[in-house]
Amino acid sequence: MDWLAILNNTAQSLLSPATMAFALAALGLAMHFGFAGLLNFGIAGYMAIGAYGYAISVLVFGFEWWQGILVSLVASVIFSLILGIPTLRLRGDYLAIVTIAAAEILRLLFLTTAFGDITGGADGLSGYHNSFRAANPFPEADYGFGPWTYNSVELWVLVLGLLALVACVFVLLLLMKSPWGRVIKAIREDEDAVRALGKNVFAYKMQALIIGGIFGSLGGVIYALPSSINPGVYVTSLTFFVWTALLLGGAATVFGPVLGAVLFWVLQSFLSNVLPELVTSGVLPFISSIQASTIRFILVGVGLMLLVIYRPQGILGDKKELTFVK
Amino acid sequence: MSSSAKIPGKPASKTTGLHIGEIRPGVSKVDPIVTIDGVSRRFGGLTAVDVEHLEIPRGAITALIGPNGAGKTTLFNLLTGFDKPDTGSWSFAGKSLAGIPAFKVAQMGQVRTFQLTKALSLLTVLENMKLGAKDQRGEKLLYSLFSFLWKVKEVEIEAKAMELLKRFKLDAKKDDFAASLSGGQRKLLEMARALMTDPVLVMLDEPMAGVNPALTQSLLEHVLGLKEQGMTVLFVEHDMHMVRHIADWVIVMAEGRVVAEGPAEEVMKNPAVIDAYLGSHQDTDLGTITGRITLPKGKK
Ligand SMILES: Nc1ncnc2c1ncn2[C@@H]1O[C@H](COP(=O)(O)OP(=O)(O)OP(=O)(O)O)[C@@H](O)[C@H]1O
Ligand SMILES: [Mg+2]
């Protein structure tokens, strides 16, 4: 077995656009679920909006890369409004159903050949990089060391992703330490009590939905920045992977989602490298190496179950602050 | 038990002269703060509330009593915008409240507590209190990001919260999660939190249920203090001693209707009330029956 290659690949995922995209999306979910108690099962939809919003505005409308990002963010706000206005007045579980359905509708709209000219249908989108790469401040060269060696384009993506992540973490920290955050957490506990104290609960929930949605959409942009958009990515299982990352790190924390996303990707890439190797070297009998690489999804599922049962507050969470059993 | 309960035989100084004309259900008040007209609420075939006319006097303590299921909590929900009546209109301080959402009603100064306590479990006691405060700019999204815009106010709010917590004997618990409080302590917290909003009208749904007699005494004084500060209090309570002791006016509901109202002493003598609510034990001391409070000998 080539342990060096396995470790190398695993180490790379510590700092990759996908990890940062997950961290951003999980941060959005932390805002939604961890702090405001909004059960959003449509985070994949928000990520799709980010990715497609960016690519379409660059490809179809010829926008600059940063304008494309702005379009993505505005689109996510509109999506939040459409989702929230009918559902936020209802009890929490309804939002879960509506978001999961809305994300699927969105994905199918991006997938259908009806809008193929714009969305690329099943082929997805690519070739939207010119403006972004032209803005690259880093001269052509190799940067970093060991597994963390990047060319200038990769570095540019990473730096931008990292900036976005740091900014979002910072904003979330400030928000949750403020009186606004206090109202948001109170709404998670009991809406009626907050209403009885004269706070416009609906407006607060909408604000939380919008902010979390912006984080998720930004995650989608970062996910799409390095290469291309494949509609097969934004499926419901992406939502559940982000949820796994969130719950792993701690839903009602700011740094938990980031830690969770990193751990999730490190584990994923370790398993996807190590399991097929185990098959080829005969340690794992009865299965092919293709089957072996999908076993990791089963392991993720089992891990998620164990997590929710034995450590619902996540790694960084305070046991008292968030549990599923009230 | 008897040593801890020392509700004086003489009731606290009552506000009188609240009504105009002959006392009967729906009598006009000199200065009503809440006026209810033809409000009814049905749940399926059951009429939970059906109030033809009712006025709550301003600046006084009014008790709302009646048997279980009389519609007291439902009336509270209707008045505060947590539920919508099928018919009728009602106003608070001269403004019609029909169609006004609950949070706006609260902003207008009509603040309620819940019979089933709603402590915000995973917030600390102090955070619970601070949440009640009004005019904290930091609760607005854009302001919240800049702590220098709200820090000063926050200090003020905290001082006020601590003062109230002391009064409710919860100051030692300020950093505990509200989830760790006992049932009675949660009732106290909810009441204290409501007072953080500087209400004009406080509506308390069974504020003393589960609160121990020694603390009841000090809370009763606190409620009386609210009146002195110019607040109006409307409370639901099954404890007749509390009602007798502090209520300036008593409204009796049964099966959704107002069956009697008037000053405490007179209402308790009303045959309709004895029939509907107090029952045949009226002559015996209710406190003795419930075992909560033993009165000094000689008082009936
Ligand atoms: N949401 C509801 N759905 C159906 N029926 C209800 C609902 N809320 C209250 N009721 C009914 O309305 C009637 C009045 O209930 P309410 O809670 O107002 O009584 P209450 O006077 O507060 O009683 P208690 O002293 O026991 O608190 C009861 O018969 C109750 O069953
Ligand atoms: Mg009740």
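A:Lys205 is found in helix H11 of chain A, which covers residues 201-224; helices here are DSSP runs of H or I with at least four residues, strands are runs of E with at least two, and both are numbered from the N terminus. At 4% relative accessibility A:Lys205 counts as buried, a term that means under 20% relative accessible area, whereas exposed means over 50% and partly exposed lies in between (1.4 Å probe, protein chains only). Not counting residues up to four places away in sequence, A:Lys205 touches A:Leu38, A:Leu88, A:Leu90, A:Ile187 and A:Glu191, where contact means heavy atoms within 4.5 Å.

This is a predicted model, in which local features need pLDDT of at least 70 and side-chain atom pairs count only at pLDDT 80 or more, while totals for chains, interfaces and linings use all residues. Residues are numbered from 1 along each chain as its sequence is written, chains are lettered from A and ligands numbered from 1 in the order in which they are written, and side-chain values use heavy atoms, with hydrogens and water left out.

A second residue of chain A, A:Ile184, has its place in helix H9 (residues 179-189) and is buried, with a relative accessible area of 0%. The residues that A:Ile184 touches, leaving out those up to four places away in sequence, are A:Met31, A:Phe35, A:Ala36, A:Met176, A:Tyr204 and A:Ala208. Of these, A:Phe35 is 149 residues from A:Ile184 in sequence, yet the two are 6.4 Å apart in space, C-alpha to C-alpha.

In chain B, B:Ala178 is found in the loop between helix H5 (151-167) and helix H6 (183-195), and B:Ala178 is buried as well, at a relative accessible area of 0%. Beyond its neighbours within four places in sequence, B:Ala178 is in contact with several residues, among them B:Ala119, B:Leu120, B:Asn128, B:Arg186 and B:Leu189. By C-alpha atoms, B:Ala178 is separated by 42 Å from B:Ser28, which is 150 residues away along the chain.

Chain B also supplies the protein donors of the magnesium ion (ligand 2), namely B:Thr73 through OG1 and B:Gln115 through OE1, lying 1.9 to 2.1 Å from the ion. B:Thr73 lies in helix H1 (residues 72-79) and B:Gln115 in the loop between strand S6 (110-112) and helix H3 (125-132), so the pair ties together parts of chain B that are 42 residues apart in sequence. B:Thr73 counts as partly exposed at 25% relative accessibility, and B:Gln115 is partly exposed at 33%. Donors are N, O and S atoms within 2.8 Å of the metal (3.2 Å for Na, K and Ca), and since water is not among the atoms, sites may look incomplete.

In chain A, 75% of the contacts between residues at least 6 apart in sequence join residues at least 24 apart. The C-alpha trace of chain A spans about 65 × 50 × 40 Å along its principal axes.
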